There are 2 protein chains.
Amino acid sequence: MDDVNANALTGTLAFRLGTLGSLVSARFAAAVAPLGVKPKHVGLLAVLSTGAPASQQELARVMKVVPSLVVSLADQLEELDAIERVRDPEDRRRHRLSLTDGGRDLLAACLAAAAELDAELTASLGAADGEALMRLLGVLASEAGLPG
Amino acid sequence: MDDVNANALTGTLAFRLGTLGSLVSARFAAAVAPLGVKPKHVGLLAVLSTGAPASQQELARVMKVVPSLVVSLADQLEELDAIERVRDPEDRRRHRLSLTDGGRDLLAACLAAAAELDAELTASLGAADGEALMRLLGVLASEAGLPG
DNA sequence: CAAGAATCATTCGAGCTGTGAACGATTCTG
DNA sequence: CAGAATCGTTCACAGCTCGAATGATTCTTG
């Protein structure tokens, strides 16, 4: 009945990280979909929530995506009245993106969804193991040059 | 110079799992690309390496993908002489897929690549933490119904 | 100050993945 | 034996991301 299929691949750290990562990403995407956004949008909002308004180039660099992708993400977030996009008066090539109040609310809702997902994940682990996992992933992430 | 950007999202377990997962997946894909295969191919080979020849439906079910995707994966692996695809004499609708010797070699090479990637990952963690991470991810995976 | 190089945002086309719907062949059911 | 169900296959399609080309603006440099 159950598929107990452990093979040489599944015993690999890379495999477990990869499959769990894509599973968790899918679950997070499903959780924020009712809010009208996708994970990349949330990432953009989260970056904007720290510090001053940023140009799209900065966003692209921090998020490790191509600038043209930031355009469409920002378009859609602007459509939702979640961000404001104004020309930078000091350099009129740039756009200064900043969160609106609605954007802050939207981000908060997305973070709540992430927190709930975290709770579900750590529920099967226990508090101590949950924090241990956070710490280990943090080491790996910073080692890889990722935020965290 | 460095982007020290920790925001409310990056402190989330879901975010770290997601980003690390996609990073590791990309690295694994790059590692096996010279062998002419992609991660999904390796997954198929790995499933075939355990137990008897399987039908494509079984593969699709275990790998959690749609049967039509198994068709193209099997096509390409057959092209590489990594698997054999013969009609099941007992049910001539089915195909029985099995590894060839070359397929076993190919899988071994892919597993070696995965092991090397694992070594790189755990290098920054130390042996004890590396095993702890494996264990925690294993719990999460089996909790989620994934192989592992 | 003028001309060319560089930078920013935008648009557009392309590639790659994976999906779902239709189809023919085969087997099961009653 | 007739119809339903199953297997594999094909094909068109949507989603996501990237890269090149473009226009606007600013910087550089002679």
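Predicted model: local features only at pLDDT ≥ 70, side-chain atom pairs only at ≥ 80, totals over all residues.
Residues are numbered from 1 along each chain as its sequence is written, while chains are lettered from A and ligands numbered from 1 in the order in which they are written.

**Entry 1: the strands of chain A**

I looked up how β1 (residues 83-87) and β2 of chain A go together, and they pair in the antiparallel sense over five bridges. Pairing here requires that DSSP finds at least two bridges between two strands. The strands themselves are DSSP runs (E, at least two residues), as are the helices (H or I, at least four), numbered from the N terminus. In a regular strand the side chains alternate between the two faces of the sheet. I then listed the faces of β2(A), residues 95-99: A:His95, A:Leu97 and A:Leu99 make up the covered one, A:Arg96 and A:Ser98 the uncovered one.

**Entry 2: helix α4 of chain A**

Next I checked the length of α4(A): its 13 residues should span 18 Å at 1.5 Å a residue, and the end C-alpha atoms, 19 Å apart, agree with that. The expected span is 1.5 Å times one less than the number of residues. I found A:Val70, A:Leu73, A:Ala74 and A:Leu77 to be its buried residues. Seen down the helix axis, these fall within an arc of 100°, so they line one face of α4(A); the arc is that of the directions from the axis to the C-beta atoms. Buried means 20 or more other C-beta atoms within 10 Å of the residue's own, exposed means 12 or fewer, and partly exposed lies in between, with C-beta atoms placed from the backbone. The buried residues pack against α2, α3 (56-63), β1 and β2 of chain A. On the face turned away from them I noted the exposed A:Ser68, A:Ser72, A:Asp75 and A:Glu79. After the helix comes A:Asp81, with a positive phi near 60°.

**Entry 3: DNA strand C**

Which residues are closest to DNA strand C? I counted 19 around it, the closest being A:Ser55, A:Gln56, A:Gln57, A:Ser68 and B:Arg92. A residue is near a strand if its C-beta atom, placed from the backbone, lies within 6 Å of it. α4(A) gives the most to this surface, with four residues. By type, the surface near DNA strand C divides into six nonpolar, six polar and seven charged residues.

**Entry 4: DNA strand D**

I repeated the search for DNA strand D and again wrote down 19 residues, with A:Arg92, B:Ser55, B:Gln56, B:Gln57 and B:Ser68 the closest. Here α4(B) gives the most, with four residues.

**Entry 5: B:Ala82**

Buried or exposed? I looked up B:Ala82 and found it buried, with 25 other C-beta atoms within 10 Å. Its place is in the loop between α4 and β1 (83-87) of chain B. The C-alpha atoms of B:Ala82 and B:Arg104 are separated by 7.4 Å, although the two are 22 residues apart along the chain.

**Entry 6: chain A meets chain B**

Last, I noted that 52 residues of chain A are in contact with 52 residues of chain B, contact being C-beta atoms, placed from the backbone, within 7 Å. On the side of chain A that touches chain B, α1(A) gives the most, with 14 residues.

Terms used
Contact = placed C-beta atoms within 7 Å. Nonpolar A, V, L, I, M, F, W, Y, C, P; charged D, E, K, R; others polar.
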